[in-house]
Amino acid sequence: MSLDFIDWALVRDLLSWFLFLLGSAAVVIGALGIVRFPDFFSRLHGAGITDTAGAELIVFAMMLQAPNWIVLAKLIFIAAFFGLTSPVATHAIAHAAWMVGFKPMQGAALRYKGDEGE
Amino acid sequence: MGRILILVLNLVVIWLLLSGYFDKPLLLAFGAASVAFTTWLAVRARIIDNDSVPSGLFPGILGYWAWLIFEIGKANILVARQALAVEPKLSPKLFTVPNPPRSSVGKATFGNSITLTPGTVTIDVREEEILVHALTEELADVEAITAMGERVARAERRQT
């Protein structure tokens with residue numbers, strides 16, 4: 001059976017637009033999380049969505065639009081470096097906050113431990 | 001010696017992929033010179049060990065990365081649901097998980113995997129355990145995170 005009737009450029013465009021929209025939605029949801037979550041440590045989790053799903057899905061979408069393999073190789077490098085560096089940055093912030101004595105809210109009541117003498 | 005060879009091969013591949021020159025002898029010679037210079041500097045500084053050239057993690061780590069991408073996708077959905085919920089049901093929690101990988105690269109990989117998974121952030125990496133902050137009770141799954149650490153340990157054990 002021949003698959004000549006499929007317009008592969010169109011399929012590629014559709015798929016990459018789907019990923020672009022999904023990635024953009026992830027960035028917006030991550031930003032919402034940063035605004036809505038209550039304390040410093042829980043806000044880091046909102047930033048985590050932007051870091052992983054947001055950035056990576058947009059780079060995957062760009063890979064589908066790549067005009068030649070050189071651009072594709074560079075995008076693969078970018079995706080890999082995102083995956084290796086963004087957790088290090090997040091950990092650096094979280095660890096710095098922990099070291100200076102910043103304590104996270106805990107439990108469903110969202111209390112700081114030690115508020116009522118434990 | 002094996003590590004130096006791996007470093008040279010990686011530098012050559014990265015240079016070729018980033019430059020895209022295959023048929024310009026002058027530029028290829030410059031590339032070869034820069035690879036040789038970088039390798040010489042690395043050998044002279046004595047920084048070629050399992051931290052800078054983590055060949056021990058391959059090939060086991062490739063399967064682990066593929067598995068990790070799916071885990072990140074699942075956790076993303078859970079956290080996104082909380083970010084969009086009218087009333088987010090958060091119960092942040094601090095807890096420790098064991099840190100089974102033996103090499104420092106393995107420990108760093110495990111710590112980064114926890115941070116990379118939305119909903120859990122590595123706060124402190126110690127010799128034997130990792131202090132983790134999780135967003136909800138559901139995400140604070142000690143068993144699942146411990147299993148992830150054992151996967152990293154198994155991936156690095158597949159080396160010689």
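Colleague: Which domains does the domain assignment of chain B give?

Modeller: This is a predicted model. For chain B, the assignment gives domain 1 (2-44) and domain 2 (61-157). Taken over C-alpha atoms, the centres of domain 1 and domain 2 of chain B are 36 Å apart.

Colleague: Now the contact between the chains. How many residues does it take from chain B and from chain A?

Modeller: Chain B gives 27 residues and chain A gives 33 residues. On the side of chain B, two or more residues come from each of helix 1 (2-19), helix 3 (60-84), strand 1 (93-98), helix 4 (104-116) and strand 2 (120-125). Helix 3 of chain B has the largest share, six residues. By class, this side of chain B has 16 nonpolar, nine polar and two charged residues.

Colleague: At what angle do helix 2 of chain A and helix 3 of chain B cross?

Modeller: Roughly 135°. The axes of helix 2 (residues 40-64) of chain A and helix 3 of chain B come within 10 Å. Only angles over 145 degrees count as roughly antiparallel, so helix 2 of chain A is oblique to helix 3 of chain B.

Colleague: Is that crossing left-handed or right-handed?

Modeller: Helix 2 of chain A and helix 3 of chain B make a left-handed crossing.

Colleague: Which residues of the two helices meet?

Modeller: Helix 2 of chain A brings His45(A), Gly46(A), Gly48(A), Ile49(A), Thr52(A) and Ala53(A). They meet Ile72(B), Asn76(B), Val79(B), Ala80(B) and Ala83(B) in helix 3 of chain B. By class, this helix contact has six nonpolar, five polar and no charged residues.

Methods:
Residues are numbered from 1 along each chain as its sequence is written. Chains are lettered from A and ligands numbered from 1 in the order in which they are written. This is a predicted model: local features need pLDDT of at least 70, side-chain atom pairs count only at pLDDT 80 or more; totals for chains, interfaces and linings use all residues. Two residues are in contact if their C-beta atoms, placed from the backbone, lie within 7 Å. Helices (H or I, at least four residues) and strands (E, at least two) are DSSP runs, numbered from the N terminus. Ala, Val, Leu, Ile, Met, Phe, Trp, Tyr, Cys and Pro count as nonpolar, Asp, Glu, Lys and Arg as charged, and the others, Gly among them, as polar. Axes are lines fitted to C-alpha atoms, for helices over the stretch in contact, and angles run from 0 to 180 degrees between N-to-C directions. Angles under 35 degrees count as roughly parallel, over 145 as roughly antiparallel, 65 to 115 as roughly perpendicular and the rest as oblique. A crossing is left-handed if the near helix is turned anticlockwise from the far one by less than a right angle, and right-handed if clockwise. Domain bounds come from an automatic or database domain assignment.
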